[in-house]
Structure formats: C-alpha cells, structure tokens
Amino acid sequence: MSSRREFITLLCGAAAAWPLAARAQQRERMRRIGVLMSAVEGDPTGLEYITAFAQALAELGWSVGHNVRIEYRWGAGDLDRFRRYAAELVALSPDVVLASAGSIVGALQQASRTVPIVFVTTIDPVGGGWVESLSRPGTNATGFASFEFSMSGKWLELLKEIAPGVKRVAVVRDPSVPAGSGGLAAIQTVAPSLGVELTPVGVRDAGEIERAIAAFARSSNGGLILVGPTSSVRRHFDLVVALAARHRLPAVYPNRLFVTGGGLISYAPDSVDQYRRAAGYVDRILKGEKPGDLPVQAPTKYDLVINMTTARALGLTVPDTLLARADEVIE
C-alpha cells in the first residue's frame, strides 16, 4: 500500500510538472527577431527582400508564430526614424536584429552594444565603425557588405560602354557617408583613363539635386552615375531617374530598382540573395554563435540590368557584347 501511495504521489508530481516543463520549452523555443528596413512600408522591393528572408528562415526550421516572432519597422530613409525604431526594437529585447543599411546599424549600436545585429546591403562596415575587421568583426554586428568601392569605377566603365560619346559625368552621392566619398574617389581614379570630367552632386535635398543636374545638363555629352545604394540616395531615386530622362542623360544606377523604374542600366549585388544569406547568419546566432565571430561576407552574385526602352528613348544602340552579359533585359 505504501508503495502504491508513493507511486501515485510521484505520478501526480510529474503530471503537475509537465505543463510547467512544456511552458518552459515553449518559452525557450519562441525567439524574437527585429527587422529594421530603410525603405517605406509597403515598398514592393522591400517586401520582396523580407519575403526572401522569411522564406530562408522557414527552410532553416524557423516558423513565424511557432518558434519565432518577427517585429518589422520601416524607416523610409529617415535618420530620425532609424534612431527611434532602433530604440523601440532594442526595448523589445530581441535575440537578433536584421538591419538593411549602414546608418541603421549605427542607430542600433547607439541603442545597444549587446543586441546581435546582422546587416545586409551595407557599404564599408569597417570604415563606418560598425565592425573592427571583415574577417573578425569583434562587435555585436556582422553581415553582408554590398560592394567594394572599386566597383564604382566599374559603373563609369559601363557608362562609357553603353554611351561612348559621354565626356562629362555628374556623380550623385551623399558626401556625409563613407559610401558617397569612397565611391566618388574610386570613380575619380578611373576617370582620366576614360577621358571623362566629373562633377560631384550632393543629395541633401531634392532642390539641390534638381538645380545641380539642370545646370550640368546645359552642356552636351553628359552622363550620370548614382553612387549608393545609401538610404539618402534611395529616398530620391524617383527624382534622379526623372531628371535623367528629362535632360536625356545616360545613367548608371546602383540597384535594379532604378532600372525597373525607368533608369537605363544598373550593376549591383543581388540584394535578394543577401537577404537569403542573412537568414543563415540569424539562424547561427539564434543557435548560440556570436556575431563578432562571424566574418562579414562579400557579395557572391552581381546583376547587370538594362532597360532597352530607355536606351531607345536616349537614341543609344546597346552593344551586343553588353547585351550578352546582361542578367536581365527590360523591353
């Protein structure tokens, strides 16, 4: 009888513990990921990026509502919003935050030096101070750099290839960020060998851009390069594409988005691929690895996109050799 009572007591104790254990396991399984995007909420390209990220997470076993919760914030290219939303996300105690721009990484690190950060499409993370080195970040951030500054020289080469008559180039960039100054410097290195004169144009506000490009376009044989893709540049992309069309300026852009929106040509890393790869780093961090030990990775895939409708409108004949290298041709 005594043994029976002991067994019943043990069984009841275990049964009472089961719900507690189950709840503890559930709490342990449910993780929180913050996502701070530089784009406007509802932006089709931004939605494409976060969809790719979520799908890649699902393939790694992270199911929204089951073992992971994702909190999204959309900064609309506004530095004040970046700082406000960074503070909001950090206050939620996320396990990791996905950041879509260097300025967002900076805002997150101002809010916390311990919350893990995985960044994508970010230019010069060492120069920005977000990591100590590419091979050993050493901070609470790591991720995927969008390109090296030397690629800016490639943009000028492509512009001369698609529009050989170009002798003068307006370089639209944000001088307040490393990407703007570093990209311009790389273009300046290549320009003499291609016989091109450069005119820097800032992106502080729409009026500055419009006045500068209108003044530049008064002389012939002009072209345009948009350096980025920084948040400030992305904010004015519609305006720059419209001005290039209005003043009949062949232009090279740092993102496919500009070309699908009517721009002439872009050469850039595949951003969707970076979001997919970022899910792998998020997975590793959720499983216990530290961002400071995960090396910053360079792009593995670049896309060349040409808008033939825009080329015809500008009276350009796209070389067959360039068309053969294109990843996408928009008719």
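Trainee: Which kind of link do the side chains of Arg 83 and Asp 80 meet in?
Mentor: A salt bridge, at 2.6 Å from N to O. The term means a side-chain nitrogen of Lys or Arg within 4 Å of a carboxyl oxygen of Asp or Glu. Keep in mind that this is a predicted model, where local features need pLDDT of at least 70, side-chain atom pairs count only at pLDDT 80 or more, and totals for chains, interfaces and linings use all residues. Residues are numbered from 1 along each chain as its sequence is written, and side-chain values use heavy atoms, with hydrogens and water left out.

Trainee: Okay, and how far apart are Arg 83 and Asp 80 along helix H3?
Mentor: Three residues, so about one helical turn separates them. Helices (H or I, at least four residues) and strands (E, at least two) are DSSP runs, numbered from the N terminus.

Trainee: How many salt bridges does the whole structure have?
Mentor: The search finds 12. In one of them, Arg 325 pairs with Glu 161 at 2.9 Å, N to O. Arg 325 sits in helix H13 (residues 320–325) and Glu 161 in helix H5 (residues 151–162), so this pair ties together parts 164 residues apart in sequence. Arg 325 is partly exposed at 38%, and so is Glu 161 at 25%.

Trainee: Which residues do shared partners join into one network?
Mentor: Arg 32, Glu 71, Arg 73 and Glu 88. Within that group, Arg 73 bridges to Glu 71, with the closest N and O atoms 3.7 Å apart. Arg 73 counts as buried, at 17% relative accessibility.

Trainee: New topic. Why is helix H4 largely enclosed?
Mentor: Because seven of its 10 residues (the helix runs 102–111) are buried. Among them are Ile 104, Val 105 and Leu 108.

Trainee: And what covers the buried residues of H4?
Mentor: The cover includes helix H3 (79–91), plus strands E1 (31–37), E3 (96–99), E4 (117–122) and E5 (141–145). Covering is judged by contact, meaning heavy atoms within 4.5 Å.

Note on methods. Buried < 20%, exposed > 50% of the residue type's maximum accessible area, 1.4 Å probe, protein only.
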